[in-house]
Amino acid sequence: MFNVILFGPPGSGKGTQSEKLVDRYGLIHLSTGNLLREEITNRTALGLEAKKYMDSGQLVPDAVVIGMIRSAIKNNPDAEGFLFDGFPRTVAQSVALDELLAENHSEINAVLALEVSESELIERLLNRGKTSGRSDDVNQEIIRARILEYENKTSPVAGYYDQFGKMVKLKGEGDVESIFEALCNEIEAKKLV
Ligand code: AP5
Ligand code: MG
């Protein structure tokens with residue numbers, strides 16, 4: 001198995017690049033944000049609970065997202081690998097993910113981090129908010145709250161993977177194709193290890 005985490009702040013391009021990467025490498029795309037939005041659309045109890053946090057730009061509790069990832073891994077026993085998008089977002093989630101993968105005699109092979117300036121993040125998300133219908137894209141206040149959650153709770157995840165030499169930082173600004181090629185180069189390099 002080959003497992004990759006696409007890491008970065010809200011609006012850094014994780015979703016955009018994930019779609020291209022799963023196409024090229026045949027990985028299963030696991031986006032906790034997408035899974036949570038599906039739960040909201042289906043009006044499940046989990047979705048209703050999660051919506052309270054998501055609408056204000058806060059992280060959903062660890063136990064909720066870890067449970068979703070556990071089921072998703074279980075439901076894909078023949079996967080050649082997973083691409084995690086927007087997960088893990090806390091150190092506790094990272095530790096849980098390592099344990100889940102170890103149960104399958106597998107591990108995270110690479111963490112690719114997209115670096116984008118705060119002003120560009122805000123501009124991208126406000127712009128998307130005009131058409132996306134995402135309740136957390138509607139105003140600067142919520143977008144700033146998401147970025148603050150990232151700085152406080154998610155950025156330590158980078159240090160967690162850095163201690164294992166798995167962290168690779170890339171420029172997330174510029175055209176989508178060049179960023180994609182840079183990500184592919186890193187994956188090819190890690191595959192050879
Ligand atoms: P989630 O859905 O994961 O959202 P996010 O991380 O806040 O980020 P986005 O999906 O908005 O951005 P992205 O990096 O995917 O960028 P995209 O490609 O879309 O999470 C939503 C919420 O769910 C969280 O706030 C939290 O409440 C909850 N949640 C989810 N996972 C959780 C977890 N693990 N733990 C706890 N809570 C969790 O691009 C953004 C925009 O920019 C698009 O319009 C795109 O077209 C554009 N764009 C992309 N690339 C470029 C480029 N190179 N140049 C110009 N524009 C670009
Ligand atoms: Mg996304």
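First, the conventions. The model is predicted, so local features need pLDDT of at least 70 and side-chain atom pairs count only at pLDDT 80 or more, while totals for chains, interfaces and linings use all residues. Residues are numbered from 1 along each chain as its sequence is written, chains are lettered from A and ligands numbered from 1 in the order in which they are written, and side-chain values use heavy atoms, with hydrogens and water left out.

Now the overall fold. The protein chain has 9 helices and 5 strands; these are DSSP runs, H or I of at least four residues for helices and E of at least two for strands, numbered from the N terminus. In sequence order the pattern is β-α-β-α-α-α-β-α-β-α-α-α-β-α. The radius of gyration is 16 Å, close to the 16 Å from the globule rule for 193 residues, so the chain is as compact as a globular protein of that length. That radius is taken over C-alpha atoms, and the rule is 2.2 Å times the number of residues to the power 0.38. The C-alpha trace spans about 45 × 40 × 30 Å along its principal axes.

Of the 193 residues, 45% are buried. Buried means under 20% relative accessible area, exposed over 50%, and partly exposed in between, with a 1.4 Å probe and protein chains only. Contact means heavy atoms within 4.5 Å. Among contacts between residues at least 6 apart in sequence, 74% join residues at least 24 apart.

On to the interior. A nonpolar core is a set of buried Ala, Val, Leu, Ile, Met, Phe, Trp, Tyr and Cys residues joined through side-chain atoms within 4.5 Å. The largest such core has 30 residues, and Phe7, Ile73, Phe84, Leu97 and Tyr161 have the most contacts inside it. Elements giving it two or more residues include strand S1 (3–7), helix H3 (45–55), helix H4 (62–74) and strand S4 (108–115). H4 gives the most, with 6 residues. Apart from this core lies another, of 18 residues, among them Val4, Tyr25, Leu170 and Leu183.

What does Phe7 touch, leaving aside its neighbours within four places in sequence? Its contacts include Lys14, Pro88, Val111, Tyr150, Val157 and Met167.

Last, a loop residue. Gly165 lies between H8 and strand S5 (167–171). Gly165 counts as partly exposed, because its relative accessibility is 49%. Gly165 and Glu38 are 127 residues apart in sequence and 34 Å apart in space, C-alpha to C-alpha.
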